[in-house]
Amino acid sequence: MTSHSLFSAFLSVVRRDLLLAYRHRSELVNPLAFFVMVVSMFPLAVGADVELLRRIAPGVIWVAALLASLLSMDAIFRSDFEDGSLELMVMTPHPLSVLVLAKVVAHWLLSGMPLLLITPLLALMFDIDVDVIWVLLLTLLLGTPVLSLIGAIAVALTVGLRKGGVLLAILVLPLYVPVLIFASAAVDSAASGLPISGQLYMMSAILFLAITLTPWPTAAALKMSLG
Amino acid sequence: MNTPLFFEARQLACIRDDRVLFSGLDFEVNGGQVLLIEGPNGSGKTSLLRILTGLRNPDDGELFWCGSAVSELEAAFYQDVAYVGHMNGMKDDLSVEENLKFAQALAIAALGIDDSLRKVGLDGYQTTSIRFLSAGQRRRLALARLLCTRKHLWILDEPFTSLDKASIKMFENYIEDHVAEGGIVIMTSHHDTGLPSKIVKKIELQS
């Protein structure tokens, strides 16, 4: 197989998943609405202390993003597993890991990107400085793809189970911790005017490691779930 | 097809829930032959087919495609093999044409989409979404998928389920054509097939 046909296979998987999502437009809004609601609960729960809210806002937004990504994660392989298209995807001359990466890319475009776009609005609600909002967005841009990539491994492991939902959360959330730590550290430093390049380098490193390494275990786990 | 094809299984075994479904299974199919796997319900026909596709690992034994072990071939093997299982592997929310285009994108395209749809009598359904097709029409679409991609080995699990008599006849004709061109078909079926006995090789699984 030439690299050209591998790339076109990659693109056709992305295109198909985006098209499928477009046919189910209403479901796309769910994780986004969840994200907005969780974040909006905090001012109601902790009171209208602007100083306090401004301090906790980045953390709140990040935790809500984690939960929202977890919520949408389960769907990434579910329908392909149930209607047999996953079997056909395994049985192509292309490496399954590349097709898996294509599915994760499509998933991030549909679940991670919208969070990124709505975050500035939420951040304004919490009265965060514009400079800090940029940093928050940058951490989300580097971090949310990692959430999708790592989550895909766990979904691939649990896709064959009837009730994978809670198990998925237990498997995945601990693996999200490093991303969360570096992201909130970066935002905190930015808020107090300290340099943030260290944290951003770490996050970029995690992102590239995840892009190169996670498709293999995901593909292997999918084959196991099918076998 | 230039080189003659052959597919060989040596000492295959399958164990499920501590029950031995079959063991020590040997067979060889050559280009131009149909291998018909027979046996009562639960005798391991589907498990055998899934092992042959490589989706499931055999508990013992090995498979050889044109002389090389399938476990080492992987990509080269999947370039040649097509599988129609109980599930059609089509997305309900995509149209007939979109589904076939996707299948072609992941394989080597052979016949055009319109031509293969005409051949299975689904011409005019290009933009219909799969959700609105009947079970028999979905089955015929699975046949169209076989026709529109270039695959030498067809592995078919109960391909005639929910097809009417005329469609079964049509499906059998295309199986014969495929075999006449040197391809291999491995299939299970509960129905008596109308395939000519000189191209059919049978193995019987015991329960």
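This is a predicted model: local features need pLDDT of at least 70, side-chain atom pairs count only at pLDDT 80 or more; totals for chains, interfaces and linings use all residues.
Let me start with chain A. It has 10 helices and 0 strands. Read along the sequence, the pattern is α-α-α-α-α-α-α-α-α-α. Of the 227 residues in chain A, 40% are buried. Now the contacts. Take pairs in chain A at least 6 apart in sequence: 81% of those contacts join residues at least 24 apart.

Next, the helix packing in chain A. I have two pairs to show, and α3(A) belongs to both.

First pair. Helix α2 of chain A covers residues 25–46, and helix α3 of chain A covers residues 50–73. They pack at an angle of about 150°, with their axes 9 Å apart. Why call that roughly antiparallel? Angles over 145 degrees count that way, so α2(A) is roughly antiparallel to α3(A). The crossing of these two helices is right-handed.

Who makes the contact? On the α2(A) side, the residues are Pro31(A), Phe34(A), Phe35(A), Val38(A), Val39(A), Phe42(A), Pro43(A) and Val46(A). On the α3(A) side, the list includes Leu52(A), Leu53(A), Val60(A), Ile61(A) and Leu71(A). Ser72(A) of α3(A) takes part as well. By class, the contact of α2(A) with α3(A) has 17 nonpolar residues, 1 polar and no charged.

Second pair. Here α3(A) meets helix α6 of chain A, residues 96–125. The angle is about 155°, and the axes are 11 Å apart. That makes α3(A) roughly antiparallel to α6(A). This crossing is right-handed.

The α3(A) residues in this contact are Ala57(A), Ile61(A), Ala65(A), Ala68(A), Ser69(A) and Ser72(A). From α6(A) come Ser111(A), Gly112(A), Leu115(A), Thr119(A), Leu122(A) and Ala123(A). By class, the contact of α3(A) with α6(A) divides into 7 nonpolar, 5 polar and no charged residues. Note Ile61(A): it is listed in the contact with α2(A), and it is listed again in the contact with α6(A).

Stay on α6(A) for one residue. Leu96(A) lies in this helix. Is Leu96(A) buried or exposed? The cut-off for buried is 20 or more other C-beta atoms within 10 Å. Leu96(A) has 21, so it is buried. Leaving out residues up to four places away in sequence, Leu96(A) touches Met89(A), Val90(A), Ala219(A) and Leu222(A). One distance for reference: the C-alpha atoms of Leu96(A) and Asp80(A) are separated by 14 Å, and these residues are 16 apart along the chain.

On to chain B. This chain has 7 helices and 9 strands. For its 207 residues, a compact globule would have a radius of gyration near 17 Å; chain B has 17 Å, which agrees. The C-alpha box is roughly 50 × 35 × 35 Å along the principal axes. Buried residues are 41% of the 207 in chain B. Of the contacts in chain B with a separation of 6 or more, 73% come from residues 24 or more positions apart.

As background, most residues other than glycine have a negative phi. Gln11(B) has a positive phi, near 55°. Gln11(B) sits in strand β1 of chain B, residues 6–16. It has 12 other C-beta atoms within 10 Å, so it is exposed. Exposed means 12 or fewer.

Asp17(B) is found in the loop between β1 and β2 of chain B. With 5 C-beta neighbours inside 10 Å, Asp17(B) counts as exposed.

Last topic: where the chains meet. The contact takes 21 residues from chain A and 23 residues from chain B. Which elements of chain A give two or more residues to this side? They are α1, residues 3–23, and α5, residues 85–90. The largest share of the chain A side, 7 residues, comes from α1(A). By class, the chain A side that touches chain B has 9 nonpolar, 8 polar and 4 charged residues.

Methods. Residues are numbered from 1 along each chain as its sequence is written. Chains are lettered from A and ligands numbered from 1 in the order in which they are written. Helices (H or I, at least four residues) and strands (E, at least two) are DSSP runs, numbered from the N terminus. The radius of gyration is taken over C-alpha atoms; the globule rule is 2.2 Å times the number of residues to the power 0.38. Two residues are in contact if their C-beta atoms, placed from the backbone, lie within 7 Å. Axes are lines fitted to C-alpha atoms, for helices over the stretch in contact, and angles run from 0 to 180 degrees between N-to-C directions. Angles under 35 degrees count as roughly parallel, over 145 as roughly antiparallel, 65 to 115 as roughly perpendicular and the rest as oblique. A crossing is left-handed if the near helix is turned anticlockwise from the far one by less than a right angle, and right-handed if clockwise. Ala, Val, Leu, Ile, Met, Phe, Trp, Tyr, Cys and Pro count as nonpolar, Asp, Glu, Lys and Arg as charged, and the others, Gly among them, as polar.
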